[in-house]
Amino acid sequence: MAETIRDPKIMRARILEARAAGKRVGFVPTMGALHPGHLRLVEKAVEESDVVAVSVFVNPCQFGPNEDYERYPRMFEADKTLLETKDVQWIFTPDVKDIYPHGDSINIALREVGDSLEGLIRPGHFSGVATVVLKLFNLVPAHRTYFGAKDWQQTRVVKQLIEDLHLSIELVVCPTVREADGLAMSSRNSYLSSDERRRAVGIVHALEKAKELWQANMPLADIESVMKKTMEDQGFSVDYAVIVDAESLKPTQCTGQKIALVAGHIGTTRLIDNCLLSHESEK
Ligand code: AMP
């Protein structure tokens, strides 16, 4: 049975003991309201590790002042029950005051990878993510950490955090888990009314069209317009619908891997999604 730990010092001690005993440690950071997308990360961590810690922490510093921090779904008992079905050793659920003992007096500043797309729409978001992820990596000094491709830009931010700060943890990015109609699973899907839920699939249709038109060699700007229109036709207010370099997230002309990234509001709910596009040579 998984041990629930609130105290950061105890959490860190458990991981250090496990490492001293030669165990491979996996770590899955989450904000709770767990769904099969999160559980896939946990399963992968369990497959590849001797012991696994999952954190459940709604990080106030990654939410903007008008965002959904207060109403973000919190359901720790249900999360715990789900995690009990997996072979998880520790559930780390610290208090905000223990993660931020001096408030938000220290904050990781990001340039480039954190400035565009989500970073433009949600100023400070990735600084909040990078700050909490660094804190969590210090408290859960695992060998590997597991993040979802659904939050693609976040995976690039974490990758850069690890590389630039020389952290000794390996990032594993796991594929997006989807509902039967293709909608990416998200804790925020629970906000959708049944009508919004039906229309939300427009975000997936936009990505499917992007793949198809990319294969057909349509110019990128035209594909982006089709993606935007596909979402708007379902009532989305679109934040962005772009095709960029998958690593730098810049709209470069180079031949590296490209990715289609989309974000928008349906009603009051903000959804994001993405899909990697085949290499030019594979078209
Ligand atoms: P969150 O609780 O939303 O902060 O997400 C915790 C982790 O789960 C992040 O690495 C997310 O990218 C990942 N995640 C969320 N939804 C999905 C999904 N549908 N498929 C795969 N991973 C996901």
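Reply: Rings of Phe, Tyr and Trp count as a pair if their centres lie within 6.5 Å. Please keep in mind that this is a predicted model.

Me: Which residues form one aromatic cluster?

Reply: Phe63 and Tyr72 form an aromatic pair, with 5.7 Å from centre to centre, and their planes stand 75 degrees apart, which makes the pair edge-to-face. Both of these residues, Phe63 and Tyr72, are buried. The cluster takes in one further ring, and its members are Phe63, Tyr69 and Tyr72.

Me: Which residue lies over the face of Tyr69, and at what distance from the ring centre?

Reply: A charge sits over a ring if, among other conditions, CZ of Arg is within 6 Å of the ring centre. For Tyr69 the residue lying over the face is Arg74, and the distance is 4.8 Å.

Me: In what order do the six strands of the open sheet stand, and why is one side of strand 1 and of strand 7 left without a neighbour?

Reply: The pairing in this open sheet is parallel, and the order of its six strands is 1-4-3-2-6-7. Because strand 1 (3–5) and strand 7 (170–174) stand at the edges, one side of each has no neighbour in the sheet, and each has a single partner strand.

Me: Which residue in strand 4 stands opposite Thr4?

Reply: Strand 1 pairs with strand 4 (residues 90–92) in the parallel sense, over three bridges. Within strand 4, the residue that stands opposite Thr4 is Ile91.

Me: What angle does the direction of helix 1 make with that of strand 4?

Reply: Helix 1 (residues 8–20) packs on the sheet, where it touches strand 1, strand 2, strand 3 and strand 4. Its direction and that of strand 4 make an angle of about 145 degrees.

Me: What span should helix 9 have, and how far apart are its end C-alpha atoms?

Reply: Helix 9 (residues 202–215) has 14 residues, and at 1.5 Å a residue it should therefore span 20 Å. The distance between its end C-alpha atoms agrees with this, being 20 Å.

Conventions: Residues numbered from 1 in each chain as written. Predicted model: local features only at pLDDT ≥ 70, side-chain atom pairs only at ≥ 80, totals over all residues. Heavy atoms only, no water. Helix = DSSP H or I, 4+ residues; strand = E, 2+ residues; numbered from the N terminus. Expected span 1.5 Å × (residues − 1). Pairing = 2+ DSSP bridges. Contact = heavy atoms within 4.5 Å. Axes fitted to C-alpha atoms, helices over the stretch in contact; angles between N-to-C directions. Phe/Tyr/Trp six-rings, centres within 6.5 Å; stacked < 30°, edge-to-face > 60°. Buried < 20%, exposed > 50% of the residue type's maximum accessible area, 1.4 Å probe, protein only. Lys NZ or Arg CZ within 6 Å of the ring centre and 35° of its normal.
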